[in-house]
Amino acid sequence: EDTYKEASFEYLNRYGAAYYQYKWSDVYADDIFSVFEKEGILSSKIGKRYREMILERGGTKDPTKLVSEFLGREPNSNAFLKNVVL
């Protein structure tokens with residue numbers, strides 16, 4: 001109240017949880033991409049494996065399990081932390 005809407009951040013109370021969830025999606029994305037970096041970004045073998053193990057299965061299984069199966073291990077934040085700009 002008594003402030004300019006453009007200068008306020010009215011979603012502050014809910015923003016933290018949504019941002020945390022958003023950043024975790026980056027962790028998983030970087031972890032998956034690290035497989036492509038290791039095997040070759042244009043590797044048809046890895047692309048096919050990604051399509052079959054994650055994209056085609058969609059919501060049929062817990063997403064974390066799909067990622068774990070694709071990676072062959074539990075997801076971790078190592079790839080994400082390598083890409084963090086401080």
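E52 counts as partly exposed, at 33% relative accessibility; buried means under 20% relative accessible area, exposed over 50%, and partly exposed in between, using a 1.4 Å probe and protein chains only. This is a predicted model, in which local features need pLDDT of at least 70, side-chain atom pairs count only at pLDDT 80 or more, and totals for chains, interfaces and linings use all residues. Residues are numbered from 1 along each chain as its sequence is written, and side-chain values use heavy atoms, with hydrogens and water left out.

Back to E52: its partner in a salt bridge is K48, with the closest N and O atoms 3.7 Å apart. A salt bridge here is a side-chain nitrogen of Lys or Arg within 4 Å of a carboxyl oxygen of Asp or Glu. K48 is partly exposed too, with a relative accessible area of 44%. Both residues sit in helix α2 (residues 44-55), four residues apart, or about one turn of the helix. Helices (H or I, at least four residues) and strands (E, at least two) are DSSP runs, numbered from the N terminus.

A search of the whole structure turns up six salt bridges. One of them pairs R51 with E56, at 3.2 Å from N to O. R51 is partly exposed at 39% relative accessibility, while E56 reaches 54% and counts as exposed.

Then there is E69, whose side chain meets that of R57 at 2.5 Å, N to O. This pair links distant parts of the chain, 12 residues apart: E69 is in helix α3 (residues 63-71), and R57 is in the loop between α2 and α3. Salt bridges that share partners join R57, K61 and E69 into one network.
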